[in-house]
Amino acid sequence: MAKMWAGRTDGNVNQIADDFNSSIHFDCRMYRQDIKGSMAHAAMLAKQGIISAQEGAEIIQGLGDILNDLENGTLDFDLTCEDIHMFVEQELTQRLGDLGKKLHTARSRNDQVALDIRMYLRDEINSFEDKVNALIAVICEKAEEYRDYILPGYTHLQRAQPISFGHHLMAYAMMLLRDLERLSDCKARMNVSPIGACALAGTTYDTDRRFEAHELEFNGVCLNSLDAVSDRDFCLELMSALSILMMHFSRFSEEIILWASWEFKFIELSDDYTTGSSIMPQKKNPDIAELVRGKTGRVYGDLLALLTTLKGLPLAYNKDMQEDKESIFDACDTVKMCLDVFSGMLKGMKANRDNMKKAAQNGFINATDLADYLVKKGLPFRTAYKISGKAVAYCIEKGTVLENLSLDEYKIFSELIDEDVYKDIDLVTCVEKRISEGGTSFRSVDCQIAYVKERISK
C-alpha cells in the first residue's frame, strides 16, 4: 500500500526498510494523546474558519468514535501503518472520506509527535507522583513503627554512632521528597505546547496556537518553531530525574539486602517478596531488592542512549529522534514497576529490635558519648577522645563492651568518671541526646514524620 505521504516518491517502500522505519509497534501507546491532540486541532481549525464548524464537529466525532473503539477493543492497531499518527489519520479517512484528509491542515507529524510525547509524559509524571507519594507514606508508617528501635549508624560501612531505625528510614523519605520536586519541575517545563510549529517554520494559515494549547491544558506555547520540533530536553530531564530516583532506590535496596543477610539479620522480608534457592533449602533471597538495584543501570542506560542520540543532531527534526520513545518508555515502565514492588516489599518488612541493639552495643558506637561525658567533666575534647579510645581498646582486649565495664575499670582511664557515666553511654540516652534539628532523637524523628506527612498531603 502506498503511504499517505506519497508524492515526491511513489510511497512504495521496501518491506525491510518499511519495518525498520516504522514506529507504530511502540508509539501506539500514545493513541489517547494523539487523538485528543487531533480533536483540539480540529476545534482550532473550525474556530479559525480554516474548516467549517460542521466539518470540525464531524472530525471530532469521528476521532471520538475511533478512541472509543480502541478503548473497548473493537478496533485493533494496523501495524502496517508507519506510526500512530498515520494510523489515526488513515482510520479517520476511511470513515469520513476526504473530510478526514483535512485534519492535517496546518500541522506536521514533527509537531504532532512532539505534542503527543509531551502529553504522554505529563500523564506519566502524574502517575509517578502518585506512586512516590504512596511509597513515602509507607516509609513514614514504618518509621513510626520503628522510631525507638536502635541500630548502628554507619560511615565507611563501619559502625559509627547509635541512631533510631525510624531516623534511618526517614532519610529516604527526604530523598524521595526531592525526587517529587524534580518531577514537578520537569512537568512544568514540559507543559508547553509545540503544536502549530508544523515541520519547522510555522504555517501560512491563521491558526490560534494558544487556543489549542489551552484546550490541551498546556501552560503556554513554544515560542520558536525550530526549538518546538527539534529538542527532546524534556525527555532527558525526566529520565535524569528518574535516574536519580532509581539511584535512591538502589541505595535503599543495597541496605535492605545487607540488613536481611544472616551477617546483619536486622530485618526479615515477607515471603511474598523473596524467593528460594533451587538447590539450597535454607535460602531466602531478597531478589526483589536485587532486581530494583539491577534495573537502576537499565534506566541509566536509557538516559545515556538518548543523550548520545541527540548530541550531534542539526536543527530541525531528524529521524534519529524516533529513538527517543523506546528509551523514555522503557525508563518509565521500569520505574513504575519498581515503585509498585518496592512499596509492597517495604510494607511487609519486619525489623529485629534485639539484633539491631546487639550490633549497636558490640560496635562501641557510644564511644563518642563517653568522650562527650568527659568533656562535660572539664577535659578538652582531644584528651577525652584519647581516653575513650583507650577504653575501647581495653574492652576489645577483655571481650566486653563499654556498658559492662566496672567503675573501678573506668577509673583506670580517668578519675573524673563516676556512676553517672552509665546513663550517659546508655544507647537510648545516646540517641535521645541528639536534640539538634534533624537529628536522631525520637522527638526529632516524630517531627520529621509530621513534616513529610504534611508535604505529601498537599
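This report describes aromatic contacts, charge-over-ring contacts and a nonpolar surface patch in a predicted model.

## Aromatic pairs and a cluster

The structure holds 14 aromatic pairs. One of them joins Phe165 and Trp259 in an edge-to-face arrangement, with 5.3 Å from centre to centre and an angle of 80° between the planes. This pair links distant parts of the chain, since Phe165 belongs to helix H7 (residues 165–190) and Trp259 to helix H10 (residues 233–260), the two residues being 94 apart.

Phe165 counts as buried because its relative accessibility is 0%, and Trp259, with a relative accessibility of 3%, likewise counts as buried, the cut-off for that class being under 20%. Together with Tyr146 and Tyr149, Phe165 and Trp259 make up one aromatic cluster.

## Charges over rings

In one, Lys47 lies over the face of Phe211, at a distance of 5.3 Å from the ring centre. In the other, the ring of Tyr385 has the charged end of Arg382 sitting over it, 5.4 Å from the ring's centre.

## A nonpolar surface patch

Tyr385, whose ring lies under the charged end of Arg382, also contributes to a nonpolar surface patch of about 280 Å², which it makes with Val375 and Phe381.

Technical notes:
Residues numbered from 1 in each chain as written. Predicted model: local features only at pLDDT ≥ 70, side-chain atom pairs only at ≥ 80, totals over all residues. Heavy atoms only, no water. Phe/Tyr/Trp six-rings, centres within 6.5 Å; stacked < 30°, edge-to-face > 60°. Helix = DSSP H or I, 4+ residues; strand = E, 2+ residues; numbered from the N terminus. Buried < 20%, exposed > 50% of the residue type's maximum accessible area, 1.4 Å probe, protein only. Lys NZ or Arg CZ within 6 Å of the ring centre and 35° of its normal. Patch = residues over 30% accessible without salt bridge, like charges linked within 9 Å, V, L, I, M, F, W, Y side chains within 5 Å. Areas by Shrake-Rupley, 256 points an atom, 1.4 Å probe, with all protein chains shown as cover. Salt bridge = Lys/Arg side-chain N within 4 Å of Asp/Glu carboxyl O.
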